[in-house]
Each structure stands twice: as structure tokens, then as C-alpha cells.
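User: I am new to this structure. Can you walk me through how to read it, one feature at a time?
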Amino acid sequence: MLQGQFRAELDAVESYLRSALNPMPLAALEQFWESMFYSLLSEGKRFRPLLSLLTARALGKPQESVLPLAAAVELIHTYSLIHDDLPTLDNDDLRRGRPTNHKVYGEAMALLAGDGLLTCAFSLLSQSFSPNAITAIHLLAEAAGPRGMVGGQVLDIQAQNPSLEVLEEIHKRKTGALIRVSVEAAAVLCEATSEQQSALSEYGAHLGLAFQLADDLQDYSPAKPEKVSFVNALGVEGTRERLAKASDDALESLFIFPDSADPLRAMIGMNTRRA
């Protein structure tokens, strides 16, 4: 679905990822780099980096101004998937229809591949030409770290029949933080006004919630219900209602923007149709 409408943007992200990460010419590290690329260049949706590029378009800025951020966000997302799949966490054998990283390269190499992607992310973003690069780095670190994605993962593994309030806190951090910062940090790099930054941050927060709600509906199986899932807490219809509300809120957040933000508006509908 994304591939059709946003082919040019997705190709730009793909090209940047391939050119920005240059493997060291050291034979002993060949498998390590192969492990990183195995997960990074798999058939992902590139939802988060696409949001960064579309934010630049909404603000009338060239996509090149946010490509380092778009790539950094995707590196961090990929590292989190590699680590989530490890036996010590979710213990998954398949990811996107292929064996997970640790099934191909072993647990130690998968762990280090994730570490490598995480640190490369900040190296790439530090090369941004924007005068606001330091602010963007700070936002990304907060979104990826203990106050964001990592903290959400901790809450997730500790959860035992979580209440709706706890469930929202888990996914605001584990899923929502990285989606929000894809938009928020892009606005900073594009030197958006404070009003624009606030509106785009709200959009990212609402879309992050909507993304998780759609994921939970898509993954729902009555035979094997997920413990940490909005469907488990709200039921199918309740989750659909919450998805509609979060999607409406995301759309409302963009009311100050002209037609240049229509691609961001389209992302809301694309997400809803997954459920």
C-alpha cells in the first residue's frame, strides 16, 4: 500500500540507507555487517522514515533535510526488532516471513548487530546539516531510551494482565514514542514554527496510538489472544472505536496545515485500513 503511493520517497530512504552504512573492509567483521544488513534491508514498511520525509514536504522543505533522521529512526526500529526477537524477550523464529536474525547468525551476533545499528543511528543523525541537529539528536535519544521505547519494553515484559491505563503507557513508549519523534524531530530539523512543531507532535502522538491499535486488531487471534493488547482490554469493537477516535484526533491536529500536509493525512487512512 505504501509502496505504491510513496514509491519515490521509499526509494530515497532505501538508497540513503545503503549508501550511508559502509561496511568496514575487514574480513573478520564481514558476518557482523551482513547480520545488520540482513534485518535492515528486509521487507519492512518504512512507516517511520516515510513520516519524516512527509513532514518535510508538509513544511515545504526538501526531503534531503531529513534523510539522516529518517535513516536513524529506521536503524533504531530495526535494532529494537532484532532484540525483541531474541529468546530472552519474545523468542520469535520468524520476522516478516524470514528466520529472525538470531536464527541465522546466532544470539551473540544478533545482539551485537542491534547494538551496531543503534549506535550508527546517532552517527548518521549527527551528520545532519541542520543547525537544530543537536535538538533532534536529543529528541531521538529520549524517544528511544528509558523514557521511551526501552522503558516501554520494560513495562511490557513486567505486565501481568495490565489495566487499560498501564497498556496505554506501555504503547505510548514502546510504539508511539518512535513514531512521534519521526515527525517531531523532522519538524525541528525543518525549522518549523513552535505552533507547527506542537501540531505535528500531537499528530505523531495520536498516530502512534492509532498504529498500535491497528496492529493489535491485525494480530488478533481468538485462539491465541495476546496478553498485552488493546483487543484483550477493550474487545474488537471497542478497539475499533478507539482506533477511529485516535485517527480523528490525528487528523484534527493537522488543521493548521495546507494541502502540503495531505500525504500525512493519507497516512492516517492507510493505517486505519490495515485493521
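Analyst: Start with the core. A nonpolar core is a set of buried Ala, Val, Leu, Ile, Met, Phe, Trp, Tyr and Cys residues joined through side-chain atoms within 4.5 Å. Keep in mind that this is a predicted model.

User: Which residues of the largest nonpolar core touch the most other members?

Analyst: Leu51, Leu75, Tyr203 and Met267 do. The largest core holds 71 residues.

User: What is leucine 75 in contact with, leaving aside its neighbours within four places in sequence?

Analyst: Leucine 75 then touches Leu17, Leu21, Leu40, Leu117, Cys120, Ala121 and Leu124. There is also a second, separate core of twelve residues. Ala159, Ala210, Leu217 and Val231 are among its members.

User: Now the helices. How is a packed pair described?

Analyst: Two values describe two packed helices: the angle between their axes and the distance between the axes. Take helix α5 (residues 67–85) and helix α10 (residues 164–189). Their axes come within 10 Å and cross at roughly 165°.

User: Which residues of α5 and α10 meet?

Analyst: From α5 come Leu69, Val73, Ile76, His77 and Asp84. From α10 come Lys174, Leu178, Val181, Ser182, Ala185, Ala186 and Leu189. Sorted by class, this contact has eight nonpolar, two polar and two charged residues.

User: At what angle do α10 and helix α12 pack?

Analyst: About 75°, with axes 11 Å apart. Helix α12 spans residues 230–253. That angle makes α10 roughly perpendicular to α12. On the α10 side, Leu164, Leu167, Glu168 and His171 make the contact. On the α12 side, Phe230, Ala233, Leu234 and Arg242 do. By class, the contact has five nonpolar, one polar and two charged residues.

User: Which residues are buried in helix α9?

Analyst: Buried means under 20% relative accessible area. In helix α9 (residues 149–158), Met149, Gly151, Gly152, Gln153 and Asp156 are buried. The buried residues of α9 pack against α5, α8 (133–144) and α10.

User: Is lysine 224 buried or exposed?

Analyst: Exposed means over 50%, with partly exposed lying in between. Lysine 224 counts as exposed because its relative accessibility is 66%. This lysine is in the loop between α11 and α12. Lysine 103, in helix α6 (residues 101–105), counts as partly exposed because its value is 49%.

User: How should I read separation along the chain and separation in space?

Analyst: Put the two values side by side. Lysine 224 and valine 73 are 151 residues apart along the chain, and their C-alpha atoms are separated by 31 Å. Lysine 103 and threonine 272 are 169 residues apart in sequence, with 33 Å between C-alpha atoms.

User: Last, backbone angles. What is phi of arginine 96?

Analyst: Near 55°, a positive value in a residue other than glycine. Arginine 96 sits in the loop between β1 (94–95) and β2 (98–99). At 33% relative accessibility, arginine 96 counts as partly exposed.

User: Where is glutamate 191 found?

Analyst: In the loop between α10 and α11 (194–219). Glutamate 191 has a positive phi of about 55°, although it is not a glycine. Glutamate 191 counts as partly exposed, at 49% relative accessibility.

Notes:
Residues are numbered from 1 along each chain as its sequence is written. This is a predicted model: local features need pLDDT of at least 70, side-chain atom pairs count only at pLDDT 80 or more; totals for chains, interfaces and linings use all residues. Side-chain values use heavy atoms; hydrogens and water are left out. Axes are lines fitted to C-alpha atoms, for helices over the stretch in contact, and angles run from 0 to 180 degrees between N-to-C directions. Helices (H or I, at least four residues) and strands (E, at least two) are DSSP runs, numbered from the N terminus. Contact means heavy atoms within 4.5 Å. Ala, Val, Leu, Ile, Met, Phe, Trp, Tyr, Cys and Pro count as nonpolar, Asp, Glu, Lys and Arg as charged, and the others, Gly among them, as polar. Buried means under 20% relative accessible area, exposed over 50%, partly exposed in between (1.4 Å probe, protein chains only). Angles under 35 degrees count as roughly parallel, over 145 as roughly antiparallel, 65 to 115 as roughly perpendicular and the rest as oblique.
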